[in-house]
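Student: Can we go through this one together? I'd like to start with the aromatic residues.

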Amino acid sequence: MSVRLCAITAIGLVGLAIPAMAQPLIDAPAVTTSTADTSNSSAERDTYLPDYFAQFQPDTALDMVNRIPGFTLRGGGNARGFGEANTNFLVNGRRPSTKSQGAGDILSRIPATIVTRLEILDGASLDIPGLSGQVVNIVATSVALSGRWRYSARFEEGTEPQLLEGEVSLTGKRGYLDFSLGIESGQFLLTEDSVEQFFDGTGTLIEDRTEDIFLRNLQPSANLNLSWVPLTGRMAGHVANLNGSIEFDNDNSGVRESFVAVGPGGTNGESFVNSGDDEVEYEISGDYAFDLPLFGRDGTLKLIGLLSREDNQRDTVFVVAPQGGDAIRSIFLRDQQEGETIGRVEYGFKANATHDVQLSVEYALNTLDSTTTFENNFTPPVLDTVRVEEDRYNARITDSWQISPTWSLQSSLGAEYSRLQVTEPRSDARTFFRPKGFMSVSHQLSERYSIRAQVERGVGQLNFGTFVSTRNLVDNQQTTGNAEIKPDQFWNVSMEFERTDDKLISGRIRPYYRVIEDPIDRILFPDGTEGPGNLDRATRYGVQTNATLLFDTLGVPGLRLEATGDLGDSRIDDPLTGQSRQINGNEEWDYSVFARYDMPGTDFAFTARASNDQGSPSFRLDDIREVVVDKPFASLSVIHKNFFGMQLTVSGTNLLDNRIEQERQRFDGPDLRLGDRTRIERFARQRGRRLSITLTDVF
C-alpha cells in the first residue's frame, strides 16, 4: 500500500526540483507578482486574473480556487474558539466571522463573474494569528444582482434515485450594503450488501451472516451574509458583517441481518436495527471594525460575536430474534443540545514600517445538555442526564515582522484560562491555565521556491460527548462518560518546502511532528466499564505533499495532473497492555490523483480521479477493529461547458466497485485484551456503481 503513496510523493519530490524548461506552446495568461496592502500588511503575492481560468469556464470563486496550481484549500473544522485561524482564505482581505460555514460554502456563493483577481499570500506576512503557508485572498466587486444555481441527480442499481439535491444563491448590492443568500437541499441515499462471518477464538467458522444496509439523509439549509462598507461620509472606513445560517439534518438508517449456524457456538435467526436522527443547527455571527488611533498610532478595532446552537435527537431500536426463541428488543434514546457563545475584541496597529501588531481578548461559553434513556426486555428504563459548562478566556499578542523582502516572521504569545464543570450530576469545577503561542518563519528562496517553518504550542478542542455515556446496541457495548476529562495540549513542529509555477509544476512537501500531552484514549473505570480518559503522552508524525503538473509546455495544451498524498504514523502507550501502538483511528496514508483535460477549441472537458486511504486499528479494552478499502475509489466525468448555456457534468463513480472490509477481534473474559481471544468477526460491504448528472448555471 505504501508503494502507491510513494509514487505520489515522488511526483512531488521530482516535480518540485524541475525548473521551468521551455516556453509554452500556447499563449497562457500571465500570473503577475505585485505588492499591496492586505489586512494592514505589505506582502508579495502571485496574482491570478480571471483570464487565467477562462479555459475552465468557472461558475464560482470555489471553481477558480480549485484550479490554482499547487494550492490546497483548507475548509476549517472544529476550532477552539474563534481566534484559532484554521482556514487559508480571505475575502477582500478579511477573514469571515463564521464557524459553521466552511470554505466551500462561502466561496461557492461568490459568482466567478464578480471576481477581479485571486492573490496568493504568505500567511506569516499577515497580521491574522494562525494563518500559515499559502493563503488565497479572493478580491471581488459587487454588482446589483447575480446568482447561481445547481441541480444534481444520482442513480445506483438497487437504490432509489436521488432527485432532491440542489442549491441556489444570490449575491447583490444596494448602496453600501452587500448581501449573499444561499438555499440548499442536500440528499444522500445509500444501500450496501454485506457478507459477514463469525469465527471462534481459534479461527474456526461458526456462523454465516448476510446484511442489507440502507441510509436516507435529507439536509436542507439556508444562509445569509450581509456586509456594510461605506466609502464616503462620516462612517467611511467602518466595516460591518452579519452572518446567519440554519441547517436541518434528517437521517434514517438501518441494517437487516440473517444468520445461520455452521459450527458449534453459532446461532440461527435474524435481527434488525433502525436509527433515526433529527438535528437542527443554527449560527448567528458578526463583526464590526473601525479605525481607532491610540497612543499616537493609527489602529483598527474589531468586535466579533458568535452564537451557535445545535439540537439533536437520536432514537435507535434493535431487535434480535434467535430461531426458536423470544425476540429481544433494546431501545436507546438521546436528546442533546450544544451551545457556543463567543465575544472577541481585536486591536491591530502598525508599530513601524515592518511590524504589524494585533492584541486580542476572547471569551467563550460552551454548554452541553444531554438526556439518554436505555431499556430492553429485561431491565426498566435507565435515565442518564448530563450538563457541562466551560467558561474560557483567551488573550494574545501577535507580531508580524517583514524582516526583508524575502524573510517574514510571525510570532504570537498568549494564554488561556478555563473553568470546566459538570453541573449535573454536580461535580467540583476544575480550572486550567495554559500558555499558547506559535512562531512561523517564511523565506522566499527564489522566484519559484520558498521554505517555511512553524513551532506551535496549543490546546485541543474538547468534544463534550466524552462526558456522556452511550450504548452500541448491535455490538452490545457500553461507553461510560467521564466527568474528569480535560482538553489535550500539544507541541507542533512543521516545515514546508514549496514550488510555484503557473506554466509547469507547483507543489509542496510538508513534514510535521506533534507531541500531545493528555491525549484522550480508552481507559478502564473502577466499576469495570470503559470510556474516554486522558493518558500521559502521544506523538504523531508524517509528511504531506501535493503537486500540480501542467502539460501545456509539454505539448498537451489543456491537460493537468493533480496529486496529493499523506503518510503518517503515531505512538501511544496502550492503557491496558502498556505496549506502544498507534493512536486509535490515526490515518496511516491517503492519496488522491486527479486529471483534467480541457479539449482546446471545444466546450468539452474530461476528468478522472482515484483515491484511497488507510487508518490504523481502533482499540477498545475488549476488542480490536481494523477497516480496509480493497480498491481505490475511482470516478470519470464528462463536462459540457455550454450545454444550452449551462454547464452539464455526467459522472460515473465507484467504477472499480470497491469493498469495505472490517475485522473485529473480541475478548470477552475478565482479563479483556490481556486474555484469550474469544471471537473474530469479518464483513465485506459492497457499494454499487453510481451515475451522477449535475447542471449548473449563473445569472
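Predicted model: local features only at pLDDT ≥ 70, side-chain atom pairs only at ≥ 80, totals over all residues.

Student: Is Tyr48 buried or exposed?

Tutor: Buried, because 5% falls under the 20% cut-off.

Student: And what about Phe53, buried or exposed?

Tutor: Phe53 is buried too, with a relative accessible area of 0%.

Student: How are the rings of Tyr48 and Phe53 arranged?

Tutor: Their centres are 6.2 Å apart and their planes meet at 45 degrees, so the pair counts as tilted.

Student: Which residues form the aromatic cluster there?

Tutor: Tyr48, Tyr52 and Phe53 form one cluster.

Student: How many aromatic pairs does the whole structure have?

Tutor: A search finds 12. One of the pairs is Tyr48 with Phe53. Tyr449 and Phe497 make a stacked pair, at 5.8 Å centre to centre with 15 degrees between the planes.

Student: Where do Tyr449 and Phe497 sit in the chain?

Tutor: Tyr449 is in strand β18, residues 449–459, and Phe497 is in strand β21. They are 48 residues apart, so the pair links distant parts of the chain.

Student: Are those two buried or exposed?

Tutor: Tyr449 is buried, at 18% relative accessible area. Phe497 is partly exposed, at 30%.

Student: Let's stay with strand β21. Where does Gln489 lie?

Tutor: Gln489 is in strand β21, which covers residues 489–499. Gln489 is buried, at 10%.

Student: What does the side chain of Gln489 make a polar contact with?

Tutor: The side chain of Arg457, at 3.2 Å. Beyond four places in sequence, Gln489 also has contacts that include Arg434, Gly458 and Val515.

Student: And Ser494, buried or exposed?

Tutor: Ser494 is buried, at 7%. Ser494 lies in strand β21. Among its contacts beyond four places in sequence are Arg452, Pro511 and Tyr512.

Student: New topic: charges over rings. Which ring does Arg471 sit over?

Tutor: The charged end of Arg471 sits over the ring of Phe374, 3.8 Å from its centre. Arg514 lies over the face of Phe490, at 4.0 Å from the ring centre.

Student: Last thing. What is the mean pLDDT of the chain?

Tutor: The mean is 89, and 92% of the residues reach 70 or more.

Student: Where does pLDDT stay under 50?

Tutor: Over residues 1–30, and over residues 32–44. The model has 62 contacts beyond four places in sequence for residues 1–30. For residues 32–44 it has 40.

Terms used:
Residues numbered from 1 in each chain as written. Heavy atoms only, no water. Helix = DSSP H or I, 4+ residues; strand = E, 2+ residues; numbered from the N terminus. Buried < 20%, exposed > 50% of the residue type's maximum accessible area, 1.4 Å probe, protein only. Polar contact = N/O pair within 3.5 Å; in protein donor to acceptor, adjacent residues only side chain to side chain. Contact = heavy atoms within 4.5 Å. pLDDT = per-residue confidence, 0-100. Phe/Tyr/Trp six-rings, centres within 6.5 Å; stacked < 30°, edge-to-face > 60°. Lys NZ or Arg CZ within 6 Å of the ring centre and 35° of its normal.
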